[in-house]
Amino acid sequence: MGFVSIMVPLDLDPCSVERVTLAQTLAQAFSAQLIGVTACEALPLRLYGKGAYINARIVQEELERAARDFARVEATFRNQTADLARIGWHAQRGDLMATLMRRATAADLVIVSRPQQDGDSWCDCLDPGELILRLGRPVLIVPNGISALSSRRIVIAWKDTREARRAVSDGLPFLAAAEDIWIVAVDPEASQEDTSTIAEFLAQHGISRISMLFPPVSGTVTRTIIDTARECCADLIIAGAYGHSRLHERVFGSVTRQLLTQAPICCLMSH
């Protein structure tokens, strides 16, 4: 039980170094291939506009600059991953989100950083929420400043929904290697019976180091999850993403969106 292929988008930002360091550690732990992906528009539409006339010299200069940037990103990736047995690399001129959507078929796990506010790097244009919805793969969201993940102590934010069940299934490689797991019922109406089913599922996979918690929701569900993870000294939260319609999420707020922006530790999310 493990990840066979891990994918990580990269750019020139220093956060890419942290992201590759963490991804490399996971690739070694799971004996997985690590695939680096980068993409950018040589002539971004947001700057020039669709159909704008651009001098041929400017076009050539921008294409050459993009090629140099790709080479720099690739060199950093290959230097950092020199000790890995299996790596892959893909660079393409174009939209990074579209590139990831095409390449994600080859990955069991995609690792991204939380976008920086007012950041202008290629990866800052990626919305983790959109990635979770559109890639069809589990996404590991890494807060800035984190370059290691032991995943020995894991909190599962549990509500008996399709999305949560998908996240637990996708997170089995992490869960199988964990030392302690807490199933945190985030549904106020959840019962012991509701959560025992997921514990039985994990037991079927040989995972038995499980505690079930029913914390009172003080404040928001997101705060309860984060506080519980902090009390348990966990370094990974596993949660289903976007269990409601997007309209509901916009009107009433979103636990998913709050975890993406507020969680101080890594989050594995699936939809």
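Predicted model: local features only at pLDDT ≥ 70, side-chain atom pairs only at ≥ 80, totals over all residues.
Residues are numbered from 1 along each chain as its sequence is written, and side-chain values use heavy atoms, with hydrogens and water left out.

The secondary structure of the protein chain comprises 11 helices and 10 strands, where helices (H or I, at least four residues) and strands (E, at least two) are DSSP runs numbered from the N terminus. Of the 271 residues in the protein chain, 48% are buried, the term buried standing for under 20% relative accessible area, exposed for over 50%, and partly exposed for values in between (1.4 Å probe, protein chains only). Among the contacts in the protein chain with a separation of 6 or more, 81% are between residues 24 or more positions apart, a contact being defined by heavy atoms within 4.5 Å.

Rolling a probe the size of a water molecule over the atoms shows where empty space is left. On a 1 Å grid over the protein atoms alone, a cavity is a set of points where a 1.4 Å probe fits but cannot get out, and lining residues have an atom within 4 Å of a point; grid points are joined across faces, edges and corners, and a volume is the space filled by probe spheres set on the points. By this rule, two cavities of 30 Å³ or more were found. The largest cavity has a volume of about 90 Å³ and is lined by 15 residues, of which R19, S113, R114, C123 and D124 lie nearest its centre. Helix α1 (15-30) and strand β4 (109-113) each supply at least two residues of this lining, which divides into six nonpolar, four polar and five charged residues. In this classification, Ala, Val, Leu, Ile, Met, Phe, Trp, Tyr, Cys and Pro count as nonpolar, Asp, Glu, Lys and Arg as charged, and the others, Gly among them, as polar.

The second largest cavity has a volume of about 30 Å³, and its lining consists of R114, I141, V142, P143, L259, L260, I265 and C267. Two or more of these residues come from each of β5 (139-142) and α11 (255-262), and the lining divides into seven nonpolar, no polar and one charged.

Helix α11 also contributes to the packing of the chain. Its residues T256, L259 and L260 are buried, and because they fall within an arc of 100° seen down the helix axis, they line one face of α11; the arc is that of the directions from the helix axis to the C-beta atoms. The buried residues of α11 pack against α5, β5, α9, β9 and β10. The N-terminal end of α11 is capped by S254, with a side-chain oxygen 3.2 Å from the backbone nitrogen of T256.

In helix α4 (residues 96-103), the buried residues are L96, M97, T99 and L100, and these fall within an arc of 160° seen down the axis, so that they line one face of the helix. They pack against β1 (5-9), β2 (33-40), β3 (87-93) and α5 (128-135). At the start of α4, a side-chain oxygen of D95 reaches to within 3.2 Å of the backbone nitrogen of M97.

Strand β3 contains H90, which counts as buried because its relative accessibility is 17%. Leaving aside its neighbours within four places in sequence, H90 is in contact with G36, V37, T38, T99 and R103. The side chains of H90 and Q92 are joined by a polar contact of 3.0 Å, a term for a pair of N or O atoms within 3.5 Å in which, within protein, one must be able to donate a hydrogen and the other to accept it, residues adjacent in sequence counting only if both atoms are side-chain atoms.

In helix α6 (residues 162-170), E163, A164, A167, V168 and D170 are buried, and they cover an arc of only 165° around the axis, which puts them on the same side of α6. The buried residues of α6 pack against β6 (153-158), α7 (172-177), α8 (192-204), β9 (236-240) and β10 (266-270).

Most residues other than glycine have a negative phi. S31, although not a glycine, has a positive phi of about 50°; S31 lies in the loop between α1 and β2 and, at 58% relative accessibility, counts as exposed. C233 likewise is not a glycine and has a positive phi of about 55°; C233 is found in the loop between α9 (221-231) and β9, and its relative accessibility of 54% makes it exposed.

Conventions: 1 Å grid on protein atoms, 1.4 Å probe; cavity = no way out; pocket = protein on both sides within 12 Å on 5 of 7 lines; lining within 4 Å.
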